[in-house]
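Please look over the chain and its fold before reading on. The report below takes up selected helices, loops and side chains in turn.

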Amino acid sequence: MPRNLIAETLRRGLYTRVVAKRILFFQELGSTMDEARRQADAGCDEGTLVLAETQTTGRGRFNRTWVSQAGNLYFSIIFYPSVAALPFLSSLGGVAIARAIRRVTGLQPKLKWPNDVLVGGSKVAGILVESGVEGSGVKYAVLGIGINIDIDQQHLAGVPAANSLYEATGKEIARDELLTCLLHEIDALYLGLKQGQTPLAQWKGLLDTLGQQVNATSGDHSYSGLAEDIDE
């Protein structure tokens, strides 16, 4: 049985101004994203963290299944961003994850547009942002993150190019240390975003997609070409 993640994280010291001032922990949950949406609809505090040991219906983009096994990190954070800040939440999540993994493990993660975190070319983490819009404003936004700390390779058999931090390092990773570091990174980046400081430059510096031949699909049209740069 994994150690009590919340107790260990709080013991380390969580010094954030917005993120995780309220924490909801579930031993098992269908999806942290779904629970976070319910909490947001009920008017919960900004920064509320919904964290689960396991998920039975975890998902990524396009409702793809996210393998959820105990001992990893699965959580969602509720924000109430401005319309201008909303588009940057996904890149904020990517930069925060890359920074936290680098600080805790020494690995050098890269980001694959739009929402994958890679180590050695294999996916170790994913990001999902869902939002509710009311009129011309943002009612809420949920930033969901899943990180493979140490996951049974049998569970990844049907997931191409997926890996875990344990496999990448050969060392046991302290989940509480990584979670604490990651929450601090998200908090700092979000406070900056509220003041108009986007994570675009840092995100661009981590992108593995630039310089690669890519295929892009829009509606019924597909395009192939070299990914040269990004703009706002």
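With which side chain does the side chain of Gln39 make a polar contact? The partner is the side chain of Glu35, at 2.9 Å, where a polar contact is a pair of N or O atoms within 3.5 Å; within protein, one must be able to donate a hydrogen and the other to accept it, and residues adjacent in sequence count only if both atoms are side-chain atoms.

## Basis of the report

This is a predicted model, in which local features need pLDDT of at least 70 and side-chain atom pairs count only at pLDDT 80 or more, while totals for chains, interfaces and linings use all residues. Residues are numbered from 1 along each chain as its sequence is written, and side-chain values use heavy atoms, with hydrogens and water left out.

## Helix H2

Gln39 lies in helix H2, which covers residues 32-41; helices (H or I, at least four residues) and strands (E, at least two) are DSSP runs, numbered from the N terminus. Gln39 counts as buried because its relative accessibility is 17%, given that buried means under 20% relative accessible area, exposed over 50% and partly exposed in between (1.4 Å probe, protein chains only). When its neighbours within four places in sequence are left aside, Gln39 is in contact (heavy atoms within 4.5 Å) with Arg22, Leu24, Cys44 and Ile78.

Arg37 also has its place in helix H2, but with a relative accessible area of 27% Arg37 is partly exposed. The side chain of Arg37 is joined to that of Asp34 by a polar contact of 3.1 Å. Between Arg37 and Thr48, which are eleven residues apart in sequence, the C-alpha to C-alpha distance is 11 Å.

Arg12 belongs to helix H1, residues 5-12, and is partly exposed at a relative accessible area of 43%. Not counting residues up to four places away in sequence, Arg12 touches Ala174, Asp176, Glu177 and Thr180. With Asp176 there is a side-chain polar contact of 2.6 Å, whereas for Glu177, 165 residues from Arg12 along the chain, the separation of the C-alpha atoms is 7.5 Å.

At the level of whole elements, H1 packs against helix H5 (residues 175-194) at an angle of about 60°, with the axes 9 Å apart; axes are lines fitted to C-alpha atoms, for helices over the stretch in contact, and angles run from 0 to 180 degrees between N-to-C directions. H1 and H5 are therefore oblique to each other, since angles under 35 degrees count as roughly parallel, over 145 as roughly antiparallel, 65 to 115 as roughly perpendicular and the rest as oblique. On the H1 side the contact is made by Leu5, Glu8, Thr9 and Arg12, and on the H5 side by Arg175, Asp176, Glu177, Leu179 and Thr180. By class, this contact has two nonpolar, two polar and five charged residues, where Ala, Val, Leu, Ile, Met, Phe, Trp, Tyr, Cys and Pro count as nonpolar, Asp, Glu, Lys and Arg as charged, and the others, Gly among them, as polar.

## The packing of H3 on H5

Helix H3 (residues 89-105) and H5 cross at roughly 140°, and their axes come within 8 Å; H3 and H5 are therefore oblique to each other. Residues of H3 in the contact include Leu92, Val95, Ala96 and Ile101, and those of H5 include Leu178, Cys181, Leu182, Ile186 and Leu189. Divided by class, the contact of H3 with H5 has 15 nonpolar, no polar and four charged residues.

## Loops and backbone features

The loop between H1 and strand E1 (23-29) holds Ala20, which has a positive phi of about 65° although it is not a glycine. Ala20 counts as buried, because its relative accessibility is 7%. Leu14 is found in the loop between H1 and E1 as well, and is buried with a relative accessible area of 15%. Not counting residues up to four places away in sequence, Leu14 touches Ala20, Ile23, Thr180, Leu183 and His184.

A cis peptide bond, with omega about 0°, joins Trp113 and Pro114, and Pro114 lies in the loop between strand E4 (110-112) and strand E5 (116-119). Most residues other than glycine have a negative phi, and most peptide bonds are trans. The C-alpha atoms of Trp113 and Leu14, 99 residues apart along the chain, are separated by 30 Å.
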